[in-house]
Amino acid sequence: SRGATGCVFVERDRAALAALRSNLDSLDAGQRARVVPGDAATFGPQTVGADLVFADPPYRFDGWEALVQSVLAPELLAESDREIPAPAGWEVVRARRYGRTIITWLHRIA
């Protein structure tokens with residue numbers, strides 16, 4: 001939405017996959033979106049060519065540094081229960097709290 005020409009959803013939970021597919025069908029957005037069953041933590045290398053990655057792993061997720069370093073897109077929005085520190089080669093542009101959720105915007109600098 002909001003001007004995106006396409007979107008790839010990576011999800012490993014079967015119920016969430018079914019909900020994603022159903023929502024995309026309801027919105028008639030199947031032409032612009034792809035649903036990939038799998039683990040997003042290992043999908044980073046496939047983000048080459050993407051402008052933005054939005055990562056929303058479980059809130060207790062502790063593999064952020066490896067996940068961020070695997071992303072090849074220039075921008076990453078990270079949703080978590082805490083601000084995500086920028087690993088080497090990245091900088092935090094902004095972090096905002098929305099209730100118990102914190103969205104950290106990271107930008108690749110290297």
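What follows goes through salt bridges, cores and aromatic rings in turn.

## Ground rules

This is a predicted model, where local features need pLDDT of at least 70, side-chain atom pairs count only at pLDDT 80 or more, and totals for chains, interfaces and linings use all residues. Residues are numbered from 1 along each chain as its sequence is written, and side-chain values use heavy atoms, with hydrogens and water left out.

## Salt bridges

Searching the whole structure turns up 3 salt bridges (a side-chain nitrogen of Lys or Arg within 4 Å of a carboxyl oxygen of Asp or Glu). One of them joins the side chains of Asp39 and Arg12, at 3.5 Å from N to O. Asp39 sits in the loop between β2 (33-37) and β3 (52-55), while Arg12 sits in the loop between β1 (7-11) and α1 (14-26), so this pair ties together parts that are 27 residues apart in sequence. Helices here are DSSP runs of H or I with at least four residues, strands are runs of E with at least two, and both are numbered from the N terminus. Arg12 is exposed at 59% relative accessible area, whereas Asp39 is partly exposed at 33% (buried means under 20%, exposed over 50% and partly exposed in between, using a 1.4 Å probe and protein chains only).

Now for Asp81. Its side chain meets that of Arg60 in a salt bridge of 3.3 Å, N to O. Asp81 is in the loop between β4 (75-80) and β5 (90-98), and Arg60 is in the loop between β3 and α2 (64-70), so the two tie together parts that are 21 residues apart in sequence. Asp81 also forms a salt bridge with Arg82, with the closest N and O atoms 2.8 Å apart. That gives a network of salt bridges linking Arg60, Asp81 and Arg82. Asp81 is partly exposed at 25% relative accessibility, as is Arg82 at 32%, while Arg60 is exposed with a relative accessible area of 74%.

## Nonpolar cores

In soluble globular proteins, nonpolar side chains tend to be buried together. Here the largest nonpolar core has 13 residues, and Trp64, Leu67, Val68, Val71, Leu76, Trp90 and Leu106 touch the most other members. (A core is a set of buried Ala, Val, Leu, Ile, Met, Phe, Trp, Tyr and Cys residues joined through side-chain atoms within 4.5 Å.) Two or more residues come from each of β3, α2 and β4, with α2 giving the largest share, 3 residues.

Which residues is Leu76 in contact with, leaving aside its neighbours within four places in sequence? They are Leu52, Val53, Ala55, Val68, Val71, Trp90, Thr104, Trp105 and Leu106, with contact meaning heavy atoms within 4.5 Å.

## The aromatic pair

There is 1 aromatic pair in the structure. The rings of Phe61 and Trp64 have centres 5.5 Å apart and planes at 85°, so they pair edge-to-face. (Rings of Phe, Tyr and Trp, the last by its six-membered ring, pair if their centres lie within 6.5 Å; planes under 30 degrees apart count as stacked, over 60 as edge-to-face and the rest as tilted.) Phe61 is buried at 19% relative accessible area, and Trp64 is buried too, at 5%.
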